Amino acid sequence: MELKKLFAVPLAIAVSLPAGPAAAQSDLSFDAYMQLLMARARAEGVSDSTLQRMTSGLQPSQRVIELDRSQPGSSRGSGYPPLAPYIATHVDDARIAGGRRAYENYRSRLQAIESQYGVPAEILVAIWGHETAYGAVKGGFDLSQALATLAWEGRRRELFAGEWVALMKVADKGYSRSDLKGSWAGAFGNPQFLPSVYLRLAADGDGDGRADIMNNGSDALASIANYFRDAGWRTGQPWGVRAFVPGGFNVNAYRSPINAPVCERVHERHSVYKTVEEWRGLGVQPQRQLPSDTLVSLFQPDGPGTPAYLLTSNYRVILEYNCSNYYAMSVGLLADAVS
């Protein structure tokens, strides 16, 4: 690709950037598409020097295309895999020990972050542990290449075109291309934020004036806390507690009738919300103290005779990070084990 030609594209052409999945990769060569995408980035204020270093030698990644096309569609089948085996492998001794070490290493910072954002330190540590094993596994894909490839391929063009431009804005803050590596789908850093999420919610956790979620654990933890606060975390409430369900109790009789607009199969497994006092009246007893007027949902993922939980609205906040009951339950249970 000739960069001097790339930068010669008039800004007005940016408005013609294909904006929908109907514009497939066959419409334009990768180089031609990148001319349009870079014009859009320049129109949104990204410097020429950043665009040059972030696109030098850029070619599409066949591996990224293969990974994207192998993603399953939304499942509408019946039945669910059991939760217990997932918990056994995601809330194991190694991850708990790693979480306790992280908690101790960042204790003073975590206390300050919790005070500022109102999100418990152990929840922040648990997210960090699940996303990147406390920073050990952050992904090795060149984000500029991965996001440009996904935008050009066209299946979700506007989503990834926007994320590529957002990545250029992140790079414009002084981060090198080698810093900006992550998953094939564009998530990066210790908390695995998409670039647009970084621009909106990344936070400075140690007062040095930067929000370096790639290399700075304090910044990563503060950024997770900011994400949770933005998503509506209620200070002083747990994510949920174990509950005793009497024999013969029909959990399904209290399933929620809400038709969730997203993650339908996640939310269809939860009961209606009732106060703790109302659940007690039905024989369901929380195993930890909760105020009697707290609204909670009953969840018994593996069926009668298995562990049951009363979930507060904060559980839904964890689902905002990753819309999976398996993920959210393992985060909550890891947080409990770390604290």
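Biologist: Is Asp68 buried or exposed?
Modeller: Buried, because its relative accessibility is 1%. Keep in mind that this is a predicted model.

Biologist: OK, and what does Asp68 form a salt bridge with?
Modeller: With Arg156, where the closest N and O atoms are 2.6 Å apart. Asp68 sits in helix H4 and Arg156 in the loop between H9 and H10, so the bridge ties together parts that are 88 residues apart in sequence.

Biologist: Where does Arg156 fall, buried or partly exposed?
Modeller: Partly exposed, at 31% relative accessibility.

Biologist: Which salt bridge does Arg63 form?
Modeller: Arg63 pairs with Glu66, with 3.8 Å between the closest N and O atoms. Both belong to helix H4 (residues 62-69), and because they are three residues apart they are separated by about one helical turn.

Biologist: What about accessibility for Arg63 and Glu66?
Modeller: Arg63 is partly exposed at 47%, and Glu66 is partly exposed at 42%.

Biologist: How many salt bridges are there in the whole structure?
Modeller: The search finds 13. One of them joins Glu158 to Arg40, with the closest N and O atoms 3.1 Å apart. That pair links distant parts of the chain, since Glu158 is in helix H10 and Arg40 in helix H2, 118 residues apart.

Biologist: Which residues are in a network with those two?
Modeller: Glu44 and Lys169: together with Arg40 and Glu158 they are linked in a network of salt bridges. Within it, Arg40 is buried, with a relative accessible area of 15%, while Glu158 counts as partly exposed at 33%.

Biologist: Tell me about H10 itself. How many of its residues are buried?
Modeller: 11 of the 15, so H10 is largely enclosed by the rest of the structure. The buried ones include Arg157, Phe160, Trp164, Leu167 and Val170.

Biologist: What do they pack against?
Modeller: Helix H2 (30-43), helix H3 (48-55), helix H9 (143-153) and helix H11 (195-201).

Biologist: What length should H10 span, going by 1.5 Å a residue?
Modeller: 21 Å for residues 157-171, and the end C-alpha atoms are 21 Å apart, which agrees.

Biologist: Switching to H12. How many of its residues are buried?
Modeller: 12 of its 14, so to speak mostly covered. Among the buried residues are Asp219, Leu221, Ile224, Tyr227 and Phe228. The cover includes helix H7 (107-117), helix H8 (121-132), H11 and helix H15 (313-321).

Biologist: Which residues have the most contacts inside the largest nonpolar core?
Modeller: Trp164, Leu180, Phe228, Trp239, Ile318 and Met329, in a core of 85 residues. Helix H16 (residues 325-338) gives the largest share, 10 residues. Apart from that core lies another, of 13 residues, with Val245, Val276, Leu290 and Val296 among them.

Biologist: What touches Leu180, leaving aside its neighbours within four places in sequence?
Modeller: The contacts include Met54, Phe141, Leu167, Tyr175, Phe188 and Met214. Asp142 is in contact with Leu180 too.

Biologist: Now the strands. What is the order in the five-stranded sheet?
Modeller: E4-E6-E7-E3-E5, an open sheet with antiparallel pairing. The edge strands are E4 (273-275) and E5 (285-286), each pairing on one side only.

Biologist: How many bridges join E3 to E5?
Modeller: Two, with E3 covering residues 240-244 and running antiparallel to E5. Phe244 stands opposite Gln285 in E5.

Biologist: Last one: where is Ala84?
Modeller: In helix H5 (residues 83-90). Ala84 is partly exposed, with a relative accessible area of 45%. The C-alpha atoms of Ala84 and Pro301 are 8.9 Å apart, although 217 residues separate the two along the chain.

Terms used. Residues are numbered from 1 along each chain as its sequence is written. This is a predicted model: local features need pLDDT of at least 70, side-chain atom pairs count only at pLDDT 80 or more; totals for chains, interfaces and linings use all residues. Side-chain values use heavy atoms; hydrogens and water are left out. A nonpolar core is a set of buried Ala, Val, Leu, Ile, Met, Phe, Trp, Tyr and Cys residues joined through side-chain atoms within 4.5 Å. Buried means under 20% relative accessible area, exposed over 50%, partly exposed in between (1.4 Å probe, protein chains only). Helices (H or I, at least four residues) and strands (E, at least two) are DSSP runs, numbered from the N terminus. Contact means heavy atoms within 4.5 Å. Two strands pair if DSSP finds at least two bridges between them. The expected span of a helix is 1.5 Å times one less than its number of residues. A salt bridge is a side-chain nitrogen of Lys or Arg within 4 Å of a carboxyl oxygen of Asp or Glu.
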